[in-house]
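This report describes selected structural features, with attention to side-chain pairs and their surroundings. The sequence and the model are shown below.

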Amino acid sequence: MDRINVSTVSEFIFVGLSDAPEVRFLLFVLFLLIYLATLAGNITILVAISTDTRLHNPMYFLLCNLSLLDILCPTITVPKMLEALLFENKVISFTGCMVQLFFLIDVVGTEIFLLAVMAYDRYVAICYPLQYMNIVNMKLCAHLVIGTWIAGFFNSLLHTSFIFTLFFCDSNKVDQYYCDIPPMLALSCSPTYLREVVILTVAGVLGSGAFLVTLISYIYIFLTILCINSAESRQKAFSTCGSHLTVVCLFYGTTICTYVRTSSSYSPKQDRIVSMLYGIFTPLLNPMIYSLRNKEVKNTLRRMTRQVRTAL
């Protein structure tokens, strides 16, 4: 039997971006503007909540953590993508790829768990308003948030160790604009079946568990809203919760489509579109949906604007 010559690679090349100069520059401008808008929106929310003591409560503490995750998620992938588009530097080291994948899975996993905590927080606030401060106090909220970060860290550690203990042969071209689990599994020349089973099991259990908590919370929220006598209040509550649920479903749907499946069903073109939805556009939408439509946040931003104008 012939021995297979297996060589480990020291770097990877991203091939998920356009090589046409005119298209490449337009994509650079587009994604740069989206990235800057995402940073501006989420940093504004962080500053507004941290500087206004009236917003120092569990709901806004959770929104701060969501904004922080929405800053980190595109920051892990977009700068390297912008560099590749502008300078055609599509190379990333083996270590750099491993670090990028670790932090990406960490942030995505943490956000999945955090959205479940936020849904539970809204469930208690709407369904049990008189008991809200006794049930969801800052101490419980802090413990839940710390738990989401710890769960995201160990979930990412497991997946990253499974991926980067594989052998990667002569081909080092990653059919994506960043390092992620599906393209790395597709690139490996090692048997991946057992690792895929473990990855799918862990992702399925944790992801579906968080999704069920979120879904059940919103079902109870909608049922409670239906019992509100005021048509105007009911419509306003439906509008707000409907927007929240839309973003939640978009994030869960895209991440499930990306990670909860076998490598045999991997489709590079489809994955690039799906990954942009949860990795680039959702962090841009979250400040507008969760925070900038909130009356108290908008009042805080108006006060900040007046203070800046007065200082100038």
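In which helix do E83 and K80 lie, and how many residues apart are they? Both belong to helix 2, at a separation of 3 residues, about one turn of the helix. The model discussed here is predicted.

## Salt bridges

The structure holds 5 salt bridges. One of them joins E83 to K80, with the closest N and O atoms 3.6 Å apart. E83 is partly exposed, at 29% relative accessibility, whereas K80 is buried, with a relative accessible area of 14%.

A network of salt bridges links D52, R54 and R303. D52 lies in the loop between helix 1 and helix 2 (58-87), while R303 lies in helix 10 (residues 295-311), so the pair ties together parts that are 251 residues apart in sequence. The three residues can also be described by their accessibility. D52 counts as buried at 7%, R303 as partly exposed at 25%, and R54 as exposed at 56%.

## Aromatic pairs

A search of the whole structure finds 13 aromatic pairs. In one of these, the ring centres of F102 and F103 are 5.3 Å apart and the planes stand at 80 degrees; the pair is therefore edge-to-face, as planes over 60 degrees apart are classed in this way. F102 is buried, with a relative accessible area of 13%, whereas F103 is partly exposed, with 41%.

The rings of F211 and Y252 are also paired, with centres 5.2 Å apart and planes at 70 degrees, so this pair is edge-to-face. It links distant parts of the chain, 41 residues apart: F211 is in helix 7 (residues 193-226) and Y252 is in helix 8 (residues 231-259). F211 is partly exposed at 26% relative accessibility, and Y252 is buried at 2%. Elsewhere, ring pairs connect F12, F94, F164 and F168 into a cluster.

## The surroundings of F31

F31 is located in helix 1 (residues 21-51) and counts as buried, at 5% relative accessibility. Apart from neighbours within four places in sequence, F31 is in contact with V78, M81, L82, L85, M276 and I280. Of these, M81 is 50 residues from F31 in sequence, and the two C-alpha atoms are 8.8 Å apart in space.

An open sheet is formed by 3 strands in the order 2-1-3, with mixed pairing. Strand 2 (91-93) and strand 3 (173-174) stand at the edges with a single partner strand each, so one side of each is left without a neighbour in the sheet.

Strand 1 (residues 11-14) pairs with strand 2 in the antiparallel sense over 3 bridges, and E11 stands opposite S93 in strand 2. Helix 3 (residues 94-127) packs on the sheet, touching strand 1 and strand 2, and its direction makes about 85 degrees with that of strand 2.

## Annotated transmembrane regions

An unreviewed UniProt entry lists residues 25-48, 60-78, 98-120, 140-168, 197-225, 237-261 and 273-292 under "transmembrane region". In the model, residues 60-78 are 100% helix and 0% strand, with end C-alpha atoms 27 Å apart. Residues 98-120 are likewise 100% helix and 0% strand, and the end C-alpha atoms of this span lie 33 Å apart.

Key: Residues are numbered from 1 along each chain as its sequence is written. Side-chain values use heavy atoms; hydrogens and water are left out. Rings of Phe, Tyr and Trp (its six-membered ring) pair if their centres lie within 6.5 Å; planes under 30 degrees apart count as stacked, over 60 as edge-to-face and the rest as tilted. Buried means under 20% relative accessible area, exposed over 50%, partly exposed in between (1.4 Å probe, protein chains only). Helices (H or I, at least four residues) and strands (E, at least two) are DSSP runs, numbered from the N terminus. Contact means heavy atoms within 4.5 Å. UniProt positions are given in the numbering used here, feature names are shortened, and annotations may be inferred rather than shown by experiment. Two strands pair if DSSP finds at least two bridges between them. Axes are lines fitted to C-alpha atoms, for helices over the stretch in contact, and angles run from 0 to 180 degrees between N-to-C directions. A salt bridge is a side-chain nitrogen of Lys or Arg within 4 Å of a carboxyl oxygen of Asp or Glu.
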